[in-house]
Amino acid sequence: LWNFRSFNVSSKASLDSESLYMNCFQEQIRLHGQVRLLEHRVKQQQLKIIQLLEKKEIQYSDRGDEKSVIDLGGKRQYSDCAEIYNDGHKQSGFYKMKPIQSPNEFLAFCDMSEGGGWTVFQRRSDGSQNFDRVWTDYEEGFGNFVSKNGEYWLGNKNLHYLTNQGNYTLRIDLTDFEGERRFAQYASFRVADEEYSYVMNCGEYSGTAGDSLTGGFHPEVKWWADHRGMKFSTRDRDNDNYEGNCAEEEKAGWWFNRCHSANLNGLYYKGPYTAKTDNGIVWYTWHGWWYSLKSAVMKVRPADFEPNIV
């Protein structure tokens, strides 16, 4: 009797276990199905989000281009972007300004990021503009003064009037083709007038890109790599310290020495390049001579600038 009952109990336990296993297996299949369905829905939602973000980005980009030239109505004249910012205009874009000694108004892009009030005098972004130009082009200015990412040179005349109003800080924002960003900042940036061939001077360096503008990366290179005190040169106006013509060889207008450790007006290559001379968009202390940067922005702001937060 004991053996029979024991067999029945054992058989029942086995059946219950098998039934439980089947129920668990079916539940597992059901849950897997639900997970797959949820994953599919999540992917669909992610695709919709991406599509909406892309659409919003395109709309924002288009709107930004449309509104990149900002008309303040001519109620007052501003000497630079710092004044515009502190008068309550916080949107980045092109504004009219008239430095104190300037005979004329001109458009310049005001970068209201990085604390605001930056007047952009040079931008490289996509190679759409030719920077291998003659003296009068660099003197008067050239490029795209409409699009927020348009390439342009403000003009050496305007740059002189702008930087001789007081003590200005220069900031240079650089981006490579790997998406990394670095900057160089210089105190007391100033450009002389036409009589002195737009000589450039600047003071102490700070930043993350290294000091290519004054040759501060090594004391023994300053005799050829320091751009301070150099006159501006173009292919038709050779003012450098080199027996040849740096502007002609480097395909740019710049404050060349013999010839450069920085040339942000060079030819637009996409990263590493080969050429007879190092004529790309070069910042030596970051990527050397044979890597051309994706973007470069040069901008100035008064050293004593204090943002008006009202």
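The model is predicted. The chain holds seven helices and 14 strands, and buried residues make up 41% of its 310 residues.

**Backbone geometry**

- Most residues other than glycine have a negative phi, and most peptide bonds are trans.
- Lys251 lies in the loop between α6 and β10, and the phi of Lys251 is positive, at about 60°, although Lys251 is not a glycine.
- With a relative accessibility of 32%, Lys251 counts as partly exposed.
- Tyr198, also not a glycine, has a positive phi of about 55° and is found in the loop between β7 and β8 (200–201).
- Tyr198 has a relative accessibility of 1%, which is under the 20% limit, so Tyr198 counts as buried.

**Overall packing and surface**

- Among contacts in the chain with a separation of 6 or more, 54% are between residues 24 or more positions apart.
- The chain exposes about 17,300 Å², and carbon and sulfur atoms supply 51% of this area.
- Six of the eight residues of helix α4 (residues 156–163) are buried, so this helix is largely enclosed by the rest of the structure.
- The buried residues of α4 are Asn156, Asn158, Leu159, His160, Leu162 and Thr163.

**The largest pocket**

- The volume of the largest pocket is about 700 Å³.
- The lining of the largest pocket comprises 27 residues, of which Asn149, Thr175, Arg181, Ser295 and Val297 are the closest to the centre.
- By class, the lining residues divide into six nonpolar, seven polar and 14 charged.
- At least two lining residues come from each of β2 (106–111), β3 (118–124), β6 (168–175), β7 (181–191) and β14 (295–302).
- Strand β6 gives the most to the lining, with four residues.

**Aromatic pairs**

- A pair of aromatic rings is described by the distance of the centres and the angle of the planes.
- The chain has 24 aromatic pairs.
- The ring centres of Phe94 and Phe109 are 5.2 Å apart and the planes stand at 80°, over the 60 degrees required, so this pair is edge-to-face.
- Phe94 belongs to strand β1 (residues 93–97) and Phe109 to strand β2, so the pair ties together parts that are 15 residues apart in sequence.
- Both Phe94 and Phe109 are buried.
- Tyr284 and Trp289 form a tilted pair, with 4.2 Å from centre to centre and 40° between the planes.
- Tyr284 is partly exposed, with a relative accessible area of 27%, and Trp289 is partly exposed as well, with a value of 25%.
- Ring pairs also link a cluster made up of Phe121, Phe131, Trp135, Tyr138, Phe142, Trp153, Phe189, Tyr198, Phe232, Trp254 and Trp255.

- Leu213 is found in the loop between β9 (205–207) and α5 (222–225).
- The relative accessible area of Leu213 is 2%, and the residue is buried.
- From C-alpha to C-alpha, Leu213 and Ala262 are 5.8 Å apart in space, while 49 residues apart in sequence.
- Not counting residues up to four places away in sequence, Leu213 touches Leu170, Tyr186, Met200, Cys202, Ala225, Asp226, His227, Arg228, Trp254, Ala262 and Trp283.

- Arg190 is found in strand β7 and counts as partly exposed, at 39% relative accessibility.
- Arg190 and Met200 are 10 residues apart in sequence, with their C-alpha atoms 5.9 Å apart in space.
- Leaving aside neighbours within four places in sequence, Arg190 is in contact with Thr163, Asn164, Gly166, Val199, Met200 and Asn201.
- Among these partners of Arg190, Thr163 is one of the buried residues of α4.

Key. Residues numbered from 1 in each chain as written. Predicted model: local features only at pLDDT ≥ 70, side-chain atom pairs only at ≥ 80, totals over all residues. Heavy atoms only, no water. 1 Å grid on protein atoms, 1.4 Å probe; cavity = no way out; pocket = protein on both sides within 12 Å on 5 of 7 lines; lining within 4 Å. Points joined across faces, edges and corners; volume = space filled by probe spheres on them. Nonpolar A, V, L, I, M, F, W, Y, C, P; charged D, E, K, R; others polar. Buried < 20%, exposed > 50% of the residue type's maximum accessible area, 1.4 Å probe, protein only. Contact = heavy atoms within 4.5 Å. Areas by Shrake-Rupley, 256 points an atom, 1.4 Å probe, with all protein chains shown as cover. Phe/Tyr/Trp six-rings, centres within 6.5 Å; stacked < 30°, edge-to-face > 60°.
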